Amino acid sequence: MAKFQLNEDKHTSGVYFKRDITIVRGKGALVWDENGNEYIDCVSGQGVANIGHCHPELVQTIEQQSNMLITCPEIFYNDQRSKLLTKLSELSPGNMQRIFLCNSGTEAIEASIKFARLSTKKTKIISALRSFHGRTMGSLSLTGQKKYSQPFAPLLPGITQIPYNNVEKLTQTFDDDTAAVIMEVIQGEGGVRLGDRQFLETVQELCNTNEALFIIDEVQTGLGRTGKLFATEHFNLKPDILCIAKSLGGGIPMGATILGSRIQNIHAGSHGTTFGGNPLACAAANTVLDIINDKKLLADTINYGEYITECLKKQNLSNIREVRGLGLMIGIELKHKVTPVLKELQNQGILALPAGNTVLRLLPPLVITKDQVQTVTNAIIRILTNIS
Ligand SMILES: Cc1ncc(COP(=O)(O)O)c(C=O)c1O
């Protein structure tokens, strides 16, 4: 085993399942290992590299901003942050006005819990089974997958998980004590499961007509992944709180909790973070948003996604249970374990993700080329044909 892997294995915390390659370089939708082997990257740093690896404009921005100013806490004003806040507000669904900047998806969710409590003075939150909202104690408590949360009980009180897309359970559970309902528009880690329009509209309606807030977690679906800047746009939803992260900083850690007009009672000192809104991440995010907010890129995302799903469906492979997705967020549910498929894809120069035990998940950079899309599709068909 190569030196880097031995050293990492010796000293890493041990919380990650590791794959036996050392990635040292990336460009667009491609990454290379230390031996120069090339891979089409449908992992994208877990859905981070929406604009691809080392996009030249992002590299230039990071270079320039590093020479200007890297850190500047939010107790001072900053030019890059000011630009980013304006941009995010203008791009957000329903022109949401206020934004808390942080450093990861889980922090964006934690902030949403605190703001929902402050705003409503209530503590009950409804989330969905199979959801994933992060690994810190608040977001973990919302996460509807026992394998992640059970070892860390007791969790945050007041949280009820209902089956995703179940309107009846939602209306039964929702009451005057409900502070917020949090939903992913497409459950990512939970197996790439699409939200049902009627269900999501019922959440919106219940929250709007009662004193409760609709929190949408777009940490994975946000920023072009589904072919719209925000996946909520497919459903015309207007969240009270919108959480994003992953691709926002193009790989520089960043998250944001975007707040609508119904959020109240936020005052200086009620929340904060040292690194949140730092100029380097803000400059990177300004460039990322300019690149993603492009009609052709978003149209390609939809077209390539449809191409992959249609090709796979047409094959009628006996080991595929279902192909699901929107844009370049694709889940291929198999009738068997996904691990051997992931291994074989890697042997054939393609990196992909699982979502649970049986779903093959593709989150390629949105800048992936048609040729690369075809290579990935053909490889999946070939491998699944040989396995069945
Ligand atoms: C929908 C969703 N919410 C929250 C998170 C947590 O984000 P992070 O890993 O940046 O804390 C993730 C991570 O995969 C996610 O997919």
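A charge is said to sit over a ring if NZ of Lys or CZ of Arg is within 6 Å of the ring centre and within 35 degrees of the ring normal. The model is predicted, so local features need pLDDT of at least 70, side-chain atom pairs count only at pLDDT 80 or more, and totals for chains, interfaces and linings use all residues. Residues are numbered from 1 along each chain as its sequence is written, and side-chain values use heavy atoms, with hydrogens and water left out.

**View 1. Charges over rings.** The charged end of Arg25 sits over the ring of Trp32, 4.0 Å from the ring centre. The ring of Tyr307 has the charged end of Lys370 over it, 4.7 Å from its centre.

**View 2. Phe100 and Phe115.** These two residues form an edge-to-face aromatic pair, 5.9 Å centre to centre with 80° between the planes (rings of Phe, Tyr and Trp, the last by its six-membered ring, pair if their centres lie within 6.5 Å; planes over 60 degrees apart count as edge-to-face). Phe100 lies in strand 4 (residues 98-102) and Phe115 in helix 5 (residues 105-120), so the pair ties together parts 15 residues apart in sequence (helices, H or I of at least four residues, and strands, E of at least two, are DSSP runs numbered from the N terminus). Both Phe100 and Phe115 are buried, meaning under 20% relative accessible area with a 1.4 Å probe, protein chains only.

**View 3. Phe132 and Tyr148.** Phe132 and Tyr148 form an edge-to-face pair, 5.1 Å centre to centre and 70° between the planes. Phe132 is buried, with a relative accessible area of 17%; Tyr148 is buried at 15%.

Methods
Phe/Tyr/Trp six-rings, centres within 6.5 Å; stacked < 30°, edge-to-face > 60°. Buried < 20%, exposed > 50% of the residue type's maximum accessible area, 1.4 Å probe, protein only.
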